[in-house]
Each structure stands twice: as structure tokens, then as C-alpha cells.
Amino acid sequence: MIRFDAAIKLGTFAYEVAFESAAGVSLFGRSGSGKSVTIALIAGLLRPDRGVIVVDGRVLVDTEKHIFVPKHDRRVGVVYQDAQLFPHLTVRQNLLFGRWFAPRTERAIGFDAVIETLGIGHLLARRPGRLSGGERQRVAIGRALLSSPRLLLMDEPLAALDDERKMEVLTLIERLRDGFKVPIVYVSHSIDEVARLASPVVVFSAGHVVAAGAVDEVFGPSRVQAGENRFARSSIVTGRIVGMNAGYGLTEIGHPGGTIWLVGAAGAPGSEVRVVIKATDVTVSTERPQHLSIRTVLAGRVAAIEQEDGPLAAVTIDLPVHGHIVAMMTRMALDELGLVAGREIFALIKTVALDERGIASAGK
Amino acid sequence: MFELSPDEWTAVKLSLRIALTATAFSLPLGVLAAYALARWRFPGKFLFDGFIHLPLVLPPVVTGYILLILLGRRAPLGAFLADHFGIVFSFRWTGAALACGVMGFPLMVRAMRLSIEAIDRRLEHAAGTLGANGLWTFALITLPLALPGVMVGAILCFAKALGEFGATITFVSNIPGETQTISAAIYTYTQVPGGDAKAWRLTAIAIVIALGALILSEIVQRFASRRLAQFE
């Protein structure tokens, strides 16, 4: 589907990246790690010094054969962080812009279906200047989609939105991906978004790929430091919804290691969900806790301990059957508890730290 | 008092015709030059920029004289155009229009260039990834967004062309009915005894036309800023 191998030097930034993906892919990394350069290279906004880029069996770039398909011929849609709607055109004209240029035989995606899925029918006559951030981004996604692209590139499409809108637009992106069968290259520096989309992940750092694979693998035990920021470190636990406790407004999620309680509704009983748990929200105990407010307790075994000279340590806990969870703690706590690999341990997660926003529906 | 004599009326009509012709022919070239300066990188861009601005800084008489040397009837280029295309500039109203166009060109390009540079290039990139090639992107995105600046540039060029004197009189002289514009006519009337009343009348007309152009450009500017406010 996508074969990407390119190198470019931009000032002092040396970029050399190669990856392949059968369908959609998420590009993850801090800002300045080369994700957006990748998007620009695939879209044809940048010309690599060396490289081959193949999308859907079509060679877009091959520097050795002197192939460089210009951006207007690539049929690759781009959704930018800040929408980039044409200010002098109405929403309808914006939406139809790319469709008009798409070859008639390839207009696979229906206008009405897109409008309905994105819920933007009431905006058609307006100009972009009067739209809210979420509305703008939905129109931008519709515009890119209606050009019937072979590939949709999304460069931090949620970055300019508040949390509520983020979830709303992310849900739409999932629905579009599954409904219209357009592969998406999704760029983000948020583990939550990447985990939720559940596409294979390519992790970038300083213009190079440092890890690649399935979400659970990539964010697995001590493979990736999500920046140096401990608050960005998360793990993903997959469980199955048991049911909803309507009286308390909590969702019960079953896992071999214990029960996960979640604030709010998360889906139908029986469906599989991924819960994103921040490492800083996890407490560990060597005994099953009592007299504590903590509701979510997962039993497991210490798999690995990462510590350096700093005050903090990360403990990876293997959960029964499958999965793992990372807990961030001070080195002092680690020493006083005497944690060593293989020891049986309990991971305590504050239920209030988890709500439906931390939920990712399991990938298809 | 305000009855125009036929030769005064001729000067007014001629001035308007020359200024409109100069503006109409400068417009596409001006847009192209402004776009090139705003968006393209090419060797000699600095020189090109300087060349376009030359009429703004040179004494108008020098510009007129250069035109005369290049395009006079006996000049190689002038003779070539006359022999092969039947285009004659020297001592014709067309020459006056050319001189006015050349003088107004830098003003026009400056205004247009600024408005093109103000357009977010990422909008043009977005149009490109949606399938629009360079020409379509220009026609559907760049030009409409730059339109207020383009109009202001055209009005500036028109106003400059209307008042042009030095280059015109040097290049095509001061022939009543052919190259005698309002400015040239006023100059002529002030040189002869009893011409004051005529000069006054033409002065009043020049003021009216100039004010009209100013007001028009102000309206365009306001309309443009209102539209821009609507965008954001």
C-alpha cells in the first residue's frame, strides 16, 4: 500500500526514514521529529534528495529514475492542523474543490454521504471565517475526502481543538476510515489518539524511525520513551465490557488481571475496548489493598524496571494472559518496596483518572 | 465659465483614453510581474525588481528619452515594430499610453506584490494537493484573494498615467489631438498670454478626476478590509 524510503537534508536537520504499511499507519513522535516532513514528502510539497515513495502501487517519487509526480497529480488528500479552508469560498465550494479536479471515473465518494457522516449539512452556505474550530476541521476532512484520494494524510488534525472536540472529530475519522475505506496516514504526538486509531505505528525521533509495529508492541515494555516527559508515558490495556453499573454511572471492564472501572458509558457489553492508562496514574502495592478508595486493581508480575540516576523509575508489570501496564514511581518507593523482576504485584489505578476519552475501540 | 472649448474637451478625452489604455495593457503584465516577484525564485530577480522600479526613481524625462531612443521611428526596435507589425509609438497617442504605462507600472506592481505576498502559501499548497495545477491554483485561489490589491494597483497606475507629463512630452511631444493630455495642455496654456482661464478649467477637471480615483481606491480598500475581516 505505502512504501516509503526517503532522505532529505533541511538546513541542519538530517532526515532519513523508511517504512512500509499495508493499510493505514500512524506516525508518532515529538514535534520536530520529522513527521510533518514525511507528510510533505508524500503529498509532493517537498522533493527528497534521495528516495522512493510508492502509494497504492503507483510510484510517486523515485529519485534514481527521476520520477517526481507533481502534487496535483498524486491524488493524495491532506488534512492540515489548522484546516486551511479557502476563505473566499463557501463551505460547499470548499468541499467541491477537490471533487471537481478528480477524474470523473474516480469520484468514488458521494457528496451526500460525506456531508451526512460529518454532520456539516447546515454549514454549506457559510464561509469558513464564521465556523468554529471543530466545524472547520470537519469541513477540511470532507474536502480532502471528496477529492476521492488514494490516501488521506492527516497532520495533527486535532491539535487546534479542545478535548471535547478532539474526541468528536476522532470518532468521525474512525468512522470515515472504516466507512469509506480510505487508508489514513495519521500524524500525532498523542499516544491516546494513536492508540485509539489502532493502526500500525511508526515512531519518529530526530528525523529517524526508532520503532515500528502494532500499537501494543510499540508502546510495550520500555521500548519507547514518549519524549522525556513522564506524563506522556502511557500503556494500553485491552479488556471486554462486562456491563454498566447505572446506579453509579460506571462501566465494568473485565480483564484476567482484575476489573477495570471506568467513569461513564464506554460501549455495548461484550465489546472489546482498549483503555489508555497514563503511567503517572498507576500506583503499585505488594499486597492486595484494603481500606483504600481505589476500585481498579490489576494483579501482575514485575517484568522490567527502568531506572537511571534521576529520582524516577518506570516499572513494567506483566498482566496475566496478555498485556502489560507501566507504573511511574520514585526510586525511593522502588527501593523501600524492594521491587525486583518476577515479583507478584498489584497495579492500582484511580478510576477517576479514566473516562470514556481514554477508551479506544479495538481495531478492525 | 465652465463651457469647455473643443480643444480642451479633446485633451480631457485623450487623457482618459491614454490612461485607460495604459492601465488595461499594464494590468496582466503587472499581475504576472507581481506574482513572479512574490512567488518565484529565479536568477537575476534582484535586477528584475530594480528594472521594474527604475521609472519610479529616474527623472521622467530620462525615461521618456530612453523610450525615444528605443522606439523612435529611426531607432532599430521602433523601425522593426513599424515595418513588421505596423505599430508606431513615436508622436502617437499610443506612445503616450506606453510612456504612461511604463511610469505607472512600478506603483501597480508594488501594490499587487504586497497583496500576493500576504496570501498564506499553504492555501496554494492545499489547492495543489486537491488536484489543482499551478494555473488553476492561481486562477481560483491566488488571484481572487489578491483581488483587492490588484484593483488598488490598477487605480494607482491609472492615476499616475493621468498625471504623467515628463516622460510623455519627451517621448511623443505635445501635439494637440494626438498626444496633448490634460497635463500637457495646462502646460501649454500657461505658456501663452490669455491662457489662464483654460488652464484653470483643465486644472479643475484634473482635480475632479484625481479625487474620483482616490475615492474609488478608498472604497476598494474598505471593501477589501471588510471582506478580509469576514474571512478571519
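The structure is a predicted model, in which local features need pLDDT of at least 70 and side-chain atom pairs count only at pLDDT 80 or more, whereas totals for chains, interfaces and linings use all residues. Residues are numbered from 1 along each chain as its sequence is written, and chains are lettered from A and ligands numbered from 1 in the order in which they are written.

The secondary structure of chain B consists of 10 helices and zero strands, where helices (H or I, at least four residues) and strands (E, at least two) are DSSP runs numbered from the N terminus. Along its principal axes, the C-alpha trace of chain B spans about 70 × 45 × 30 Å. Of the 232 residues of chain B, 39% count as buried, a residue being buried if 20 or more other C-beta atoms, placed from the backbone, lie within 10 Å of its own. Among the contacts in chain B with a separation of 6 or more, 77% are accounted for by residues 24 or more positions apart; two residues are in contact if their C-beta atoms, placed from the backbone, lie within 7 Å.

Within chain B, helix α3 (residues 60-71) packs with helix α5 (residues 93-117) at an angle of about 130 degrees, and their axes are 11 Å apart. The axes are lines fitted to C-alpha atoms, for helices over the stretch in contact, and the angles run from 0 to 180 degrees between N-to-C directions. The helices α3(B) and α5(B) are therefore oblique to each other, given that angles under 35 degrees count as roughly parallel, over 145 as roughly antiparallel, 65 to 115 as roughly perpendicular and the rest as oblique. In this packing, Pro60(B), Thr63(B), Gly64(B) and Leu67(B) of α3(B) meet Leu98(B), Ala99(B), Val102(B) and Met103(B) of α5(B). The residues of this contact divide into six nonpolar, two polar and no charged, with Ala, Val, Leu, Ile, Met, Phe, Trp, Tyr, Cys and Pro counted as nonpolar, Asp, Glu, Lys and Arg as charged, and the others, Gly among them, as polar.

The contact between the chains takes 16 residues from chain B and 20 residues from chain A. On the side of chain B that touches chain A, α6 (121-129), α7 (134-163) and α10 (196-231) each supply at least two residues, and α6(B) gives the most, with six residues. The residues of that side of chain B divide into eight nonpolar, six polar and two charged.

Chain A, for its part, is divided into domain 1 (2-218) and domain 2 (231-361), with bounds that come from an automatic or database domain assignment. The C-alpha centres of these two domains of chain A lie 33 Å apart.

Terms used:
Buried ≥ 20, exposed ≤ 12 C-beta atoms within 10 Å, placed from the backbone.
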